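Please look at the chain below and follow its strands and its charged side chains. The explanation begins with a term that will be needed later.

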Amino acid sequence: MSTSKQPWESDSLSEDLDALFFDADSDGDDDLYVVSGGSEYIPGAPLYQDRLYTNNGKGSFSKTTNSLPVEAASGSCAAAADFDKDGDLDLFVGGRHSPANYAVIPRSFILQNNSDKANTKFADVTNQVNPELSNIGMVTAALWTDFNNDSWPDLIVVGEWMPIRIFQNEKGKLVLREDLIQQPENSGWWCSIFSADIDDDGDEDYFLGNAGSNLQFKPTEQEPIELTAADFNNDAVLDPIITYYIDGKAYPLASRDELLDQIGSLRKKFIKYEDYANATIQDIATEEQLEKSYRFKATTLQSCWLENMDGKKFNVKLLPDIAQVSPINGFLVDDFDGNGQKDLLAAGNFFPFKSQLGRSDASTGLILRYENGDFLKSEVSSNVWLTGDIRDVALMKFKNGQRRVIVSRNDGSASVLSTRD
């Protein structure tokens with residue numbers, strides 16, 4: 001059936017951030033959940049409401065009504081698993097940000113599937129499962145996974161200005177396990193997560209894409225990138241200010257003109273450019289304002305992988321330098337070079353950075369070979385040419401043995417590439 005006759009055409013005003021095929025009504029075919037997001041509309045606008053389209057088994061979809069809780073969060077992602085082991089698929093839905101109020105943590109949700117033969121119905125049970133998940137952060141990606149092989153799906157959540165969050169499923173309750181990661185301070189601009197048993201030891205390992213180190217920021221635990229947001233000029237609008245360290249002092253990223261456009265009350269303080277040249281956050285805001293502000297930090301921008309140590313802890317291992325030149329928005333694991341061993345494919349870039357940072361477009365994709373407990377740059381990486389503002393990749397395998405890599409790009413058409421068979 002032509003997609004032009006499908007019901008999502010009438011929802012084209014919503015900005016779609018993620019789409020998930022899963023069997024919502026347990027009838028044996030895949031339905032479609034679409035996450036609405038962006039920042040085009042005012043906070044609370046109904047166009048931020050997510051949607052569910054059910055499949056009649058022949059590829060024709062119908063938009064459901066009253067199946068989902070009413071919400072207006074600007075979302076980012078959705079992931080499905082039977083977390084309560086009652087025989088149907090439930091959802092985690094991540095909140096990305098609060099429109100016009102950047103730094104206010106958006107809502108995220110655990111949606112329990114309470115459907116029956118007559119109705120498809122999901123209920124918000126976040127507070128019963130773990131209230132922390134309601135405001136876990138500015139989520140960019142999430143993954144249901146059984147990291148400890150106990151048959152209960154666990155949840156890993158990553159995001160912007162967030163540490164890696166691992167929630168262990170204890171018979172339907174999700175418990176935050178901060179003790180599992182051997183590098184506890186790992187706040188970053190995380191943008192993707194992927195699982196595969198790369199070392200063939202029987203448990204899942206995890207690959208996490210970050211912004212990369214090919215930026216002017218070089219954050220550490222002692223000198224992080226920081227986000228400070230408050231209504232600094234009393235106009236009922238939050239003013240977010242990003243600072244980063246240069247020679248031991250934290251300076252604002254915004255230029256004088258950018259900052260004064262945002263906070264007009266500072267024009268009398270920074271009359272000349274030289275007045276602003278050495279300004280720190282303490283020169284911009286009072287101590288009282290800083291005490292009341294939203295504060296976040298990022299201590300690492302490097303992409304990494306988590307080596308699963310029998311479900312009892314995770315070793316954080318950085319990916320090679322060649323993988324740090326741009327954000328990694330998608331991973332795949334397969335034998336891409338036909339040598340009988342697993343390879344890791346990574347792709348990304350991010351074009352919409354502000355002009356003074358420039359496009360993060362140095363990556364053309366790469367393939368890394370796993371060997372002796374870590375990754376090396378593969379000899380075939382030069383044959384990969386995945387350019388553009390890539391936001392995700394997927395692998396399709398056909399019955400005849402052929403494989404195809406699907407690449408999606410921001411504001412562009414998806415492309416399909418063949419692999420070496």
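A residue is called buried when its relative accessible area is under 20%, exposed when that area is over 50%, and partly exposed in between. Lysine 317, with a relative accessible area of 21%, is therefore partly exposed. The model in which this value was computed is a predicted one.

Lysine 317 belongs to strand β21, and β21 is part of an open sheet of four strands, ordered β14-β15-β20-β21, with antiparallel pairing. β14 (192–196) and β21 (314–318) are the edge strands; each has a single partner strand, so one side of each is left without a neighbour in the sheet. From one strand to the next, the twist averages 20 degrees.

Within this sheet, β15 (residues 205–209) and β20 (residues 304–308) run antiparallel and are joined by three bridges. Phenylalanine 207 stands opposite tryptophan 305 in β20.

Side chains of opposite charge can pair when their charged atoms come close. The side chain of lysine 317 forms a salt bridge with that of glutamate 307, at 3.2 Å from N to O. Glutamate 307 lies in strand β20, ten residues apart from lysine 317 in the chain. At 12% relative accessibility, glutamate 307 counts as buried because the value is under 20%.

The count of salt bridges comes to 18. One of them pairs lysine 297 with glutamate 185, whose closest N and O atoms are 3.7 Å apart. These two residues are 112 residues apart: lysine 297 is in strand β19 (residues 294–298), and glutamate 185 is in the loop between β12 (173–176) and β13 (188–189). Elsewhere, Asp11, Asp16, Arg51 and Lys63 are linked in a network of salt bridges.

Methods:
Residues numbered from 1 in each chain as written. Predicted model: local features only at pLDDT ≥ 70, side-chain atom pairs only at ≥ 80, totals over all residues. Heavy atoms only, no water. Pairing = 2+ DSSP bridges. Axes fitted to C-alpha atoms, helices over the stretch in contact; angles between N-to-C directions. Salt bridge = Lys/Arg side-chain N within 4 Å of Asp/Glu carboxyl O. Buried < 20%, exposed > 50% of the residue type's maximum accessible area, 1.4 Å probe, protein only.
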